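This briefing goes through one protein model, topic by topic. Please keep the sequence and the coordinates open while reading.

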Amino acid sequence: MSAATPAGRPLLVVGGCGGLVGRAVLEEFAPDRRIVSVHRHRAANEAAANVEWVPADAVSIADWTPLLRGVDEVLLLAWHRAGGRRRFVPLARSLVRLVHDAEKAGLRRLVHVSVPAAPERLERSLPYLYAKRAVDRALEESALEHSIVRPTMLFGPRDKLLTVMLGTMHRYRRFPMFGDGNYHISPIAARDLALVLRRELGQSGRRTVEVGGPRRWRYRELTDRLFAFLGLEPRYFSLGPRMSVAFARLVESVGSTKLYAYEVEWLLSDMLGLPPYPELGRPFRSLETFVEAEVARLHGY
């Protein structure tokens, strides 16, 4: 560990600090916590922040006990955005082992980033979801003090939400409208989620919290607003619900990671307009301010 690494209680981050949430976690915790990151590949921002990197694939860890020595808090971020049973089920099994090993080790607290409720068909059939719920249940059935945090859609630099939407509108001057657009979303900044995770690490007891941003947008209202920020008239090609899912499957089939069919089905379910986290302790980061910065970047300002 570098002498420049901040002194403080170690925080074991399972899943690394290179993704959207991980980058926000690193920015939030690096000033006052010693971060130990378990991930296959060390991210550049981890090296710059003197994060202690443990080069390991979470799937292959048969015994988490050695990694828990000297650690009293774990932040569980490890997951994938897409894939099948062969990808998600082994990872879930390993994370369930982590829960059991943490319980035996007397861990003070584990905070697990999960996902919101989804349509029942997806909960039953989608490995992304039913494997995630196995980890949720393991925590709920354990004696560990924990928080299961279920955030809605996230935005931040290089996200897969607003950045993709704005880029598509800017390039093609139109945008797909899935269904009637009257369902809701309440996006939250990844940096605000990182603060939620800090606050949940400081809690006691056992709880599950749903986390939305400060405003519950009607989807069509938000997309109209994004067009306005770009200085464009809203123009859509409208797709019915079934055609929307089929369109997303087509996008998947050509290798794109911008959109997945399950995400469209989830969006259309109107289950992602979650209420704001009630105990943030500071004003939420503004979606509009983020969009303004992204538009300036797209226009080369």
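The model is predicted.

- Strands of a sheet pair through backbone hydrogen bonds, and the pairing can be parallel or antiparallel.

**Strand β4 and its partners**

- Strand β1 (residues 10-14) runs parallel to β4, and three bridges join the two.
- In this pairing, V13 stands opposite L75 of β4.
- β4 (residues 73-76) is also joined to β5 by four bridges, and these two strands run parallel.
- On the β5 side, E73 has R109 as its bridge partner, and V74 stands opposite L110.
- Both faces of β4 are covered: E73 and L75 are buried on one side, V74 and L76 on the other.

**V113 in strand β5**

- V113 belongs to strand β5, which spans residues 109-113.
- With a relative accessible area of 11%, V113 is buried, because the limit for that class is under 20%.
- Not counting residues up to four places away in sequence, V113 touches L76, L77, K132, V149, P151 and L197.
- V113 and R33 lie 80 residues apart in sequence, and their C-alpha atoms are 19 Å apart in space.

**Helix α10**

- α10 (residues 241-253) has 13 residues, and the distance from its first C-alpha to its last is 19 Å, close to the 18 Å expected at 1.5 Å a residue.
- Its buried residues are S244, V245, A248 and V251.
- Seen down the axis of α10, the buried residues fall within an arc of 115 degrees, so they line one face of the helix.
- These buried residues pack against β8 (175-178), β13 (236-239) and α11 (261-268).
- The face turned away from the buried side of α10 carries R242, M243, L250 and S253, which are exposed.
- After α10 comes G255, with a positive phi near 90 degrees.

- S94 is part of helix α4 (residues 85-105).
- The relative accessible area of S94 is 0%, so this serine is buried.
- Beyond its neighbours within four places in sequence, S94 is in contact with A58, V59, I61 and W64.
- A194 sits in helix α8 (residues 190-201).
- A194 counts as buried, because its relative accessibility is 1%.
- Leaving aside neighbours within four places in sequence, the contacts of A194 are A24, V25, E28 and F29.
- A194 and G22 are 172 residues apart in sequence, while the C-alpha to C-alpha distance between them is 8.5 Å.

**Aromatic pairs**

- The distance of the centres and the angle of the planes describe a pair of aromatic rings.
- Y128 lies in helix α6 (residues 127-141) and W266 in helix α11, so the pair ties together parts that are 138 residues apart in sequence.
- Y128 and W266 are both buried.
- The two residues also belong to one aromatic cluster, which is formed by W79, F88, Y128, Y260, Y262 and W266.
- Helix α11, which holds W266, is also among the elements against which the buried residues of α10 pack.

Notes
Residues numbered from 1 in each chain as written. Predicted model: local features only at pLDDT ≥ 70, side-chain atom pairs only at ≥ 80, totals over all residues. Heavy atoms only, no water. Buried < 20%, exposed > 50% of the residue type's maximum accessible area, 1.4 Å probe, protein only. Contact = heavy atoms within 4.5 Å. Pairing = 2+ DSSP bridges. Expected span 1.5 Å × (residues − 1). Arc of directions from axis to C-beta. Phe/Tyr/Trp six-rings, centres within 6.5 Å; stacked < 30°, edge-to-face > 60°.
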